Amino acid sequence: MRPGTDEARIRAALREALGEDDVIACLATIDRRAIEPGLQAVAADLGVPVRTYTALQLADMRVPNPSARTAGALGTASVAEASALLAGDGPLLVSKTTINGVVIAAAAAR
């Protein structure tokens with residue numbers, strides 16, 4: 001997600017990617033996005049924590065869809081898939097997908 005992404009766009013992307021009935025255990029991202037108001041609002045509304053990881057932690061994860069562009073910009077080839085895998089307890093259930101500018105991936109929850 002880009003800085004300044006609003007709550008409505010994040011929520012719509014989550015529902016499109018995961019469906020209305022999927023249970024979301026947490027939201028996860030790179031540490032520099034943790035204070036984004038849209039992300040914080042969605043997490044509060046869902047009643048879930050925001051888990052954050054450093055670029056170094058994310059870079060250590062093997063993911064199916066690494067991005068050279070993301071690596072150049074953030075110092076890690078993956079944010080969505082790597083943070084989902086770090087926060088989850090199993091394989092990816094949803095590989096990296098971009099919906100209206102919001103990049104989402106999901107892994108099995110703990």
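How many helices and strands make up the secondary structure of the protein? Within that arrangement, which residues of helix α2 are buried, and what covers them?

Tutor: The model is a predicted one, and its secondary structure comes to five helices and four strands. Read from the N terminus, the elements follow the order α-β-α-β-α-α-α-β-β. The C-alpha trace spans about 30 × 30 × 20 Å along its principal axes. The radius of gyration is 13 Å, which agrees with the value near 13 Å for a compact globule of 110 residues. Of these 110 residues, 38% count as buried. Among contacts between residues at least 6 apart in sequence, 45% join residues at least 24 apart.

Helix α2 covers residues 37-46, and its buried residues are Gly38, Leu39, Val42 and Ala43. Viewed down the axis of α2, these buried residues fall within an arc of 130°, so they line one face of the helix. The spacing follows a general rule: an α-helix has 3.6 residues a turn, so residues three or four places apart point the same way. On the other side of α2, the exposed residues are Pro37, Ala44 and Asp45. The cover over the buried residues of α2 includes α1, β1 and β2. Just after the helix, Gly47 adopts a positive phi of about 70°.

Val42 shows this buried face in detail. This residue of helix α2 has a relative accessible area of 0% and is therefore buried, the cut-off being under 20%. Leaving aside residues up to four places away in sequence, Val42 touches Glu7, Ile10, Arg11, Leu14 and Leu27. Helix α1 comprises residues 7-18 and strand β1 residues 27-30. Thr97 is 55 residues from Val42 along the chain, and the C-alpha atoms of the two are separated by 19 Å.

Thr5 counts as buried because its relative accessibility is 3%. With residues up to four places away in sequence left out, Thr5 touches Ile10, Glu36, Gly38 and Val102. Gly38 is one of the buried residues of α2, and Ile10 is also among the contacts of Val42.

The buried residues are Ala80, Glu81, Ala82, Ser83, Ala84, Leu85 and Ala87. Their cover includes β1, β2, α3, β3 and β4. Strands β1 and β2 are also among the elements that cover the buried residues of α2.

Of its 45 lining residues, the closest to the centre are Ala28, Ala80, Val103, Ile104 and Ala105. Elements that each supply at least two lining residues are α1, β1, α4, α5, β3 and β4. Strand β4 gives the most, with six residues.

Terms used:
Residues numbered from 1 in each chain as written. Predicted model: local features only at pLDDT ≥ 70, side-chain atom pairs only at ≥ 80, totals over all residues. Heavy atoms only, no water. 1 Å grid on protein atoms, 1.4 Å probe; cavity = no way out; pocket = protein on both sides within 12 Å on 5 of 7 lines; lining within 4 Å. Buried < 20%, exposed > 50% of the residue type's maximum accessible area, 1.4 Å probe, protein only. Arc of directions from axis to C-beta. Contact = heavy atoms within 4.5 Å. Rg over C-alpha atoms; globule rule 2.2 N^0.38 Å.
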